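Here is a friendly briefing to read alongside the model.

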Amino acid sequence: MLEIRHLQMMSALKRHGSLATTADEMNLTASAISHQLKELENYYDITLVNRRTRPVSFTPAGLIVLELADSILPQVARTKSDIKRLAHGQAGRLRLASECHSCFDWLMPILNVYRSRYSDVELDFTTGFDPEPHHMLVEGEIDLLITSSDLPIDGISYLPLFTYESRLVLAPAHRLASQEFISASDLSDQTLIAYPVEESRLDVIAKFLAPQGVAPANIRTTELTAMLIQLVASERGVAALPDWVVAEYERKGWVVSRPLGTGVHCQLYAAIRDSDARLDFMKGFLGLLKDIKKP
């Protein structure tokens, strides 16, 4: 029967030309190499190596086996290497999701650096609009979640990233734009334009309106930040966005922003499973996140 060890032996014989040197490379005795060769020849009832030549030469059958060795052994070596990288967390797949739908502006440069350092890791993204993104993390559907909710869940750890202020976004001509700050009651007759997530996951509701027993008159959703800004600018409603996102559009004069009460401040986290913390490629990504500055 032809085995990997036979291919390795034939390949070494080709390189060294002698049983003795081949034995040294394979940490075997010359008699053990001779036995392997005879075992293979007896099984197929054919001569593979001319032992009387110096260096040894190969018969047509031996050359066929060498051709197979040249094809198979590099694949075996690559597979072993891949397995070792996977075992040590140097290769794999990193599936990301973000509840922060405006985070890609600062996340993309990090991803570019990460790709250059971990070329063996496949990066994948999934929508953050899932009703239970933390559950996706627990169930293994994603590997890392950017979130502002550090829910206490067994087996899940949170890396603090940075804090931000959630500000109300208004059209410049909106009547509330003349106020220095926004009270909860100011929004009771307003249409709130938001991302399509559960109301309890919206900062403006969870941290500002709900604690004061206030709800907006209507909620309209859109998945795109640009569309959200456009709807606000055309006075179709108001929105609440992180301060770094609002600043870009305020500079352009499209919208203005005001603090919600005395200020609604939120903490952004990267959430991962505890079992993945030891993976080299996960530690590499978290290391990059630790170094980020607030946009």
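Two strands count as paired when DSSP finds at least two bridges between them. With that in hand, leucine 145 has alanine 271 in S10 as its bridge partner. This is a predicted model, and its chain holds ten helices and ten strands. The radius of gyration of the chain is 32 Å, well over the 19 Å that the globule rule gives for 295 residues, so the chain is more spread out than a compact globule.

**Overall shape and domains**

- Along the principal axes, the C-alpha atoms of the chain fill a box of roughly 100 × 40 × 30 Å.
- The domain assignment gives domain 1 (4–88), domain 2 (93–162 + 268–291) and domain 3 (163–265).
- The centres of domain 1 and domain 3, taken over C-alpha atoms, are separated by 71 Å.
- Of the 295 residues in the chain, 44% are buried.
- The chain exposes about 15,500 Å², and carbon and sulfur atoms supply 52% of that area.
- Among contacts in the chain with a separation of 6 or more, 74% come from residues 24 or more positions apart.

**The six-stranded sheet**

- The order of this open sheet is S4-S3-S5-S10-S6-S9, and its pairing is mixed.
- Its edge strands are S4 (121–125) and S9 (239–242), each of which pairs on one side only.
- From one strand to the next, the twist averages 25 degrees.

**Strand S5 and its neighbours**

- S5 (residues 144–147) pairs with S10 (residues 256–273) in the antiparallel sense, over four bridges.
- With S3, strand S5 pairs in the parallel sense over three bridges.
- Serine 98 stands opposite isoleucine 146 in S5.
- Which way do the side chains alternate in a regular strand? They alternate between the two faces of the sheet.
- In S5, Leu144 and Ile146 point one way while Leu145 and Thr147 point the other way, and all are buried.

**Helices on the sheet**

- Helix H8 (residues 225–233) lies across S6 (156–170) and S9, running at about 135 degrees to S9.
- Helix H10 (residues 280–290) packs on the sheet and touches S3 (92–98), S4, S5, S6 and S10.
- The direction of H10 makes about 35 degrees with that of S3.
- Which residues of H10 are buried? They are Phe281, Met282, Gly284, Phe285, Leu286, Leu288 and Leu289.
- These buried residues of H10 pack against helix H5 (104–117) as well as S3, S4, S5, S6 and S10.

**Backbone points to check**

- The peptide bond from arginine 54 to proline 55 is cis, with omega near 0 degrees.
- Proline 55 sits in the loop between S1 (49–50) and S2 (57–58).
- Asparagine 27 is not a glycine, although its phi is positive at about 55 degrees.
- The loop between H2 (19–25) and H3 (30–44) holds asparagine 27.
- Is asparagine 27 buried or exposed? With a relative accessible area of 71%, asparagine 27 is exposed.
- Aspartate 45, a residue other than glycine, has a positive phi near 55 degrees.
- Aspartate 45 lies in the loop between H3 and S1, and at 69% relative accessibility aspartate 45 counts as exposed.

How values were computed: Residues numbered from 1 in each chain as written. Predicted model: local features only at pLDDT ≥ 70, side-chain atom pairs only at ≥ 80, totals over all residues. Heavy atoms only, no water. Helix = DSSP H or I, 4+ residues; strand = E, 2+ residues; numbered from the N terminus. Axes fitted to C-alpha atoms, helices over the stretch in contact; angles between N-to-C directions. Contact = heavy atoms within 4.5 Å. Domains from an automatic or database assignment. Buried < 20%, exposed > 50% of the residue type's maximum accessible area, 1.4 Å probe, protein only. Rg over C-alpha atoms; globule rule 2.2 N^0.38 Å. Areas by Shrake-Rupley, 256 points an atom, 1.4 Å probe, with all protein chains shown as cover.
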